[in-house]
Amino acid sequence: MTEPNWNFEGEPPFEPRTEAGINLCAYFDGMPDAKLKTFDPVMSDEDLMRWDGNFKSDGDMLLPCTESEEVDVDMYRRYIAQCIRYRDRVRGMLMAGA
Amino acid sequence: MWVRKGERDRALGVDSPIPTQVVSNEEFIPRPQTKKQKQVEDLIMEWGTARAKKLNMSRRAYMASSMGLCTALLASNCVYGQDTFEVGEDEAFEPRETEVVKANGQKGKFFIIDVQAHYSNGIALNFRNSETARNMGFSLKDDVESYSFRTFTKEMFLDSETAMVVISGVPGKEEQRGADGRVLEGAERTPRGAILPSWLMAQSRNELNAMAGSQRAMCQGNLAPNHYWNATTNSIDKAATIEQMERELNQYKINSWKWYCHTDPARTGNGFQLDDDNAQWFIEESRKRGMKLISVHKGYSYQSRTLGHLANPKDIEKAALRNPDFNFVVYHSALKHGATDGANWKEMNEYNPETGDFLWHKILMDIKRNNPQINNVYPEIGSFFNTLAIQDPVMCEHGMGLNIKTYGADHVVWGTDCLWWGSPQWGIEAFKRFQIRDELCEKHGYAKITDDVRAKIFGLNAAKLYGIDVNAQRNALPADALTRVKQAYLDRGGLRDNDYHGWVQHA
């Protein structure tokens, strides 16, 4: 199935906009909807890191070219929660146009 | 889960003198090891183990020697079916003059300046507690920062022939004043932590040079046109930028700027371009103060619509034409290697084996092709030569062949992006032996790589950019403390660790 052209990155920021935040939004825009739908917010930090697959052994995320700051699990949870709300809001519209 | 390549190797019992897959410098998602890379790895282990036994050496010692490195390059040639690396079978049993113990700038054929060297307090290091590390004269603090710096010093200077390094910036801005208006100093200026802020690079350079008793290190300054921003007017804060510029030039005495156009340390919501108004204003202010060297990251970028495209090198053209008295060193030779290209990276990078072109390297090449008068742009080859040498030797031949053909052998600059790649010695040995096959030279007009070309790329070009008198340095270094420390280290059996700090997939 063709993935809609998600643009969570283009949404008004829900917290002060940072370079890591911009790149994390772009990261979620590249995540298939089917995978995102399997996200369970109550999973443990360890399970979340395994579920995503892009965390490093030092506990931070490997978010390429995010040079100024690290993305930890807490930040990841804040952004993915907002991304799920965004997709729930626009999914129908984007799928209709896809 | 991503782990450091060294962790992965230890878990699998691999001890390889060259990385057996590309490691991520955190500027792209690590790629899986290819079948050919696994074949190279298996051959290295098989041959290295047998040859060490034949020479009555431990495998550890053999793999840390130039003989082990030659075995690894022979394995690469064998698997890829060509002689990208000019190495003889005899070198796997008997070291040539290039052995580390005889080199380090003073005796080696090449004077090596690495313009892209980083260290990070995030790198797990094994050096501090090793036998050879004790009582070696390091007068460094015993904290995490110096712990990393110590390994940086070991891997750059004791384990490799590198004569001088440029400690290269990682984007991050400094806080200038506390809540009480007091000017902050040192670590106070990066209260939330930072990998390599300007103050720390300058401090490390000074510490290294003081320890050596000669000039072994230079450093860059991170200040860029989007670091100090007036949120009210949504425009550059010129007063704060000038204050920081003068601090980095006069107090830190930086040797070059280091820019990352696609980053946003000041939280402006955007990056910048070399040819925009703010960058030009910065360049003019820097010109007034005598700093005319700009090192800029290009290539390796993320998919963010907002920031990712700003790492495209297209903006170099106008900036170079408009500012012919400045030199622009383009890091990574603008190799794009997108963040999400994974196993199909060649297709994603639009690599054309017929022309040798690939993203965004072609844009950098086109700038010179379209403007032959440009003489102030220098492709730098950190995480370019070493990445391509491991990923695809033919593509590496194209990349280096194009750099030299297009910009000239006197404009290509040696850098490694180590410590991501561990000690840079494997890359040095690889480049000493690197060659472009006849077929590609004939078809594409590439020149053969001669020692004259290698000497320029290894250090003579960087020396001109940084104002280094190579002859004076060659005379000074043999007598300096770092050379003596190196000799003591080698006398006590110090060995290169073959420990790569960049990221790969968990074993």
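This is a predicted model: local features need pLDDT of at least 70, side-chain atom pairs count only at pLDDT 80 or more; totals for chains, interfaces and linings use all residues.
Chain A is built from helices. It holds four helices and zero strands. Along the sequence, its pattern reads α-α-α-α. The C-alpha atoms of chain A occupy a box of roughly 40 × 25 × 20 Å along the principal axes. Of the 98 residues, 48% count as buried. Chain A exposes about 4600 Å², and carbon and sulfur atoms supply 53% of this area. Contacts between residues at least 6 apart in sequence were also examined; in chain A, 66% of them join residues at least 24 apart.

Chain B contains both kinds of element, with 18 helices and 11 strands. Its radius of gyration is 22 Å; a compact globule with 507 residues would have a value near 23 Å, so the two agree. The C-alpha atoms of chain B fill a box of roughly 70 × 55 × 45 Å, again taken along the principal axes. Of the 507 residues in chain B, 64% count as buried. The accessible surface of chain B comes to about 18200 Å². Carbon and sulfur atoms account for 49% of that surface. Among contacts in chain B with a separation of 6 or more, 78% come from residues 24 or more positions apart.

Seven strands of chain B form an open sheet. Their order is β2-β3-β4-β7-β8-β9-β10, and the pairing is parallel. Strands β2 (113-117) and β10 (377-379) of chain B stand at the edges. Each has a single partner strand, so one side of each is left without a neighbour in the sheet. From one strand to the next, the twist averages 25°.

Helix α6 of chain B (residues 198-212) touches β3 (164-167) and β4 (217-221) of chain B. The direction of α6(B) makes about 170° with that of β4(B). Helix α16 of chain B (residues 451-466) also packs on the sheet. Its contacts are with β2, β3, β4, β7 (256-260), β8 (293-297), β9 and β10 of chain B. The direction of α16(B) makes about 75° with that of β2(B).

In soluble globular proteins, nonpolar side chains tend to be buried together. The largest nonpolar core in this model has 153 residues. The residues with the most contacts inside this core are F152(B), W257(B), W259(B) and M400(B). Leaving aside residues up to four places away in sequence, W257(B) touches a set of residues that includes G221(B), L223(B), M245(B), L249(B) and F282(B). Its contacts also include E248(B), S286(B), M291(B), L293(B), I294(B) and S295(B). A second, separate core has 29 residues. It includes Y27(A), F55(A) and V73(A) from chain A, together with Y302(B) from chain B.

Q280(B) sits in helix α8 (residues 277-288) of chain B. Its relative accessibility is 6%, under the 20% limit, so Q280(B) counts as buried. Q280(B) touches R322(B) and N323(B), again without counting residues up to four places away in sequence. Q280(B) and M291(B) are 11 residues apart along the chain, and their C-alpha atoms are separated by 14 Å.

Some backbone features lie in loops. The peptide bond from C418(B) to L419(B) is cis, with omega near 25°. L419(B) is found in the loop between α13 (393-407) and α14 (425-433) of chain B. Y300(B) is not a glycine, but its phi is positive, near 25°. This residue lies in the loop between β8 and α9 (316-322) of chain B. Y300(B) counts as buried, at 0% relative accessibility. E350(B) also has a positive phi, about 50°, although it is not a glycine. E350(B) lies in the loop between α10 (345-348) and α11 (361-370) of chain B. At 53% relative accessibility, E350(B) counts as exposed.

Definitions and conventions:
Residues are numbered from 1 along each chain as its sequence is written. Chains are lettered from A and ligands numbered from 1 in the order in which they are written. Side-chain values use heavy atoms; hydrogens and water are left out. Two strands pair if DSSP finds at least two bridges between them. Helices (H or I, at least four residues) and strands (E, at least two) are DSSP runs, numbered from the N terminus. Axes are lines fitted to C-alpha atoms, for helices over the stretch in contact, and angles run from 0 to 180 degrees between N-to-C directions. Contact means heavy atoms within 4.5 Å. Buried means under 20% relative accessible area, exposed over 50%, partly exposed in between (1.4 Å probe, protein chains only). Accessible areas come from the Shrake-Rupley method with a 1.4 Å probe; for residues, only the protein chains shown count as cover. A nonpolar core is a set of buried Ala, Val, Leu, Ile, Met, Phe, Trp, Tyr and Cys residues joined through side-chain atoms within 4.5 Å. The radius of gyration is taken over C-alpha atoms; the globule rule is 2.2 Å times the number of residues to the power 0.38.
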